[in-house]
Amino acid sequence: MLVGMSRSSNGKAGRRLRLFKRREDDLLERSFRSCPGCAADVHVFADVCRHCGGALEIALAG
């Protein structure tokens with residue numbers, strides 16, 4: 001009798017050939033910046049800090 005097996009159950013899933021090395025995605029780090037008033041992390045598009053209420057300038061990429 002022939003029993004079908006899924007790929008994950010035969011142990012070969014961890015031995016795949018990888019042509020491209022996976023790099024760490026720094027999108028999360030690029031999405032936040034430090035508030036000049038209280039040094040808390042704030043979103044790059046925020047115009048007011050949630051922690052101290054200080055005004056923030058939106059920096060344009062150049």
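Student: What is the mean pLDDT of the protein chain?

Tutor: The mean is 77. Of the residues, 66% reach 70 or more. Here is the general idea: where pLDDT is low, the predicted coordinates should not be read in detail.

Student: How many helices and strands does the protein chain have?

Tutor: There is 1 helix, and there are 2 strands. Along the sequence the pattern reads α-β-β.

Student: What percentage of the residues count as buried?

Tutor: Buried means under 20% relative accessible area. Of the 62 residues in the protein chain, 11% count as buried. The chain exposes about 6400 Å², and carbon and sulfur atoms supply 55% of that area.

Student: Which residues make up the largest nonpolar core?

Tutor: Cys 35, Val 42, Ala 46, Cys 49 and Leu 56 do, 5 residues in all. Take Cys 35. Leaving out residues up to four places away in sequence, Cys 35 touches Ala 40, Val 42, Cys 49, Cys 52 and Leu 56.

Student: How far apart in space are Ile 58 and Ala 46, C-alpha to C-alpha?

Tutor: They are 7.1 Å apart in space and 12 residues apart in sequence. Ile 58 lies in the segment after strand 2. Beyond residues up to four places away in sequence, Ile 58 touches Arg 33, Val 44, Phe 45 and Ala 46.

Student: Why does Ile 58 count as partly exposed?

Tutor: Partly exposed lies between the buried limit of 20% and the exposed limit of 50%. Ile 58 is partly exposed because its relative accessible area is 45%.

Student: Which residues make the nonpolar surface patch of about 460 Å²?

Tutor: Leu 17, Leu 19 and Phe 20 make that patch. Leu 17 sits in the segment before helix 1, which spans 27–30. With a relative accessible area of 74%, Leu 17 is exposed.

Student: What about backbone angles? What is the phi of Ala 39?

Tutor: First, the general idea: most residues other than glycine have a negative phi. Ala 39 has a positive phi of about 65°, although it is not a glycine.

Student: Where is Ala 39 found?

Tutor: Ala 39 is in the loop between strand 1 (32–34) and strand 2 (41–43). Ala 39 counts as exposed, at 57% relative accessibility.

Student: What share of contacts joins residues at least 24 apart?

Tutor: Take contacts in the protein chain between residues at least 6 apart in sequence: 5% of them join residues at least 24 apart.

Definitions and conventions
Residues numbered from 1 in each chain as written. Predicted model: local features only at pLDDT ≥ 70, side-chain atom pairs only at ≥ 80, totals over all residues. Heavy atoms only, no water. Helix = DSSP H or I, 4+ residues; strand = E, 2+ residues; numbered from the N terminus. Buried < 20%, exposed > 50% of the residue type's maximum accessible area, 1.4 Å probe, protein only. Contact = heavy atoms within 4.5 Å. Areas by Shrake-Rupley, 256 points an atom, 1.4 Å probe, with all protein chains shown as cover. Core = buried A, V, L, I, M, F, W, Y, C linked by side-chain atoms within 4.5 Å. Patch = residues over 30% accessible without salt bridge, like charges linked within 9 Å, V, L, I, M, F, W, Y side chains within 5 Å. Salt bridge = Lys/Arg side-chain N within 4 Å of Asp/Glu carboxyl O. pLDDT = per-residue confidence, 0-100.
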